[in-house]
Amino acid sequence: MIRMGKPVQLLEWGKGTSTLTQVWSLFATGGLSGKPRTVDGLTDVAIEIEGKFDKQNAADESVKIMQQGEGMTPASQKWGEVAMGNLSRVEETGGKTILHISIRNATKVGKALK
């Protein structure tokens, strides 16, 4: 479940030539910007990130959304996967960078922090 009040980490699929060099790596941190919207089965999540957008693997648009204490690691300090989708667009306005991620799978969104 994606928690509205928690910070997020975004991971990208690595650019490499073998399974040893192709791993998920952190490329941005930030928070949710507004409530996710669902249209025709796709959930669009807007994430405001800190700093500039710098994705290393431009060939793959897959993105994992991670939150602390969520996913397979409930009530812990570990970061767990809450959703996986594709980067659909990037907006840079007023010194802010907002990434829009389209999620195909059913996604729950909650306001509670625990």
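Gly30 has Ile49 of strand S5 as its bridge partner. The structure is a predicted model, in which local features require pLDDT of at least 70 and side-chain atom pairs count only at pLDDT 80 or more, whereas totals for chains, interfaces and linings use all residues. Residues are numbered from 1 along each chain as its sequence is written, and side-chain values use heavy atoms, with hydrogens and water left out.

Strand S3 (residues 24-32) and strand S5 (residues 42-49) run antiparallel and are joined by 3 bridges; pairing requires at least two bridges found by DSSP between two strands. Strands are DSSP runs (E, at least two residues), numbered from the N terminus. Strand S3 also pairs with strand S2 (residues 8-13), in the antiparallel sense and over 6 bridges. Within this pairing, Gln9 has Thr29 of S3 as its bridge partner.

The loop between S2 and S3 contains Gly16. This residue is partly exposed, its relative accessible area being 30% (buried denotes under 20%, exposed over 50%, and partly exposed the range in between, with a 1.4 Å probe and protein chains only). Gly16 lies 14 Å from Lys55, C-alpha to C-alpha, at a sequence separation of 39 residues.

Glu70 is located in the loop between strand S6 (62-68) and strand S7 (79-93). Glu70 is classed as buried because its relative accessibility is 8%. Its side chain forms a polar contact of 3.3 Å with the side chain of Arg3 (a pair of N or O atoms within 3.5 Å; within protein, one must be able to donate a hydrogen and the other to accept it, and residues adjacent in sequence count only if both atoms are side-chain atoms). Residues up to four places away in sequence not being counted, Glu70 touches Met1, Arg3, Lys6, Lys78, Gly80 and Val82, contact being defined by heavy atoms within 4.5 Å.

Methods
Helix = DSSP H or I, 4+ residues; strand = E, 2+ residues; numbered from the N terminus.
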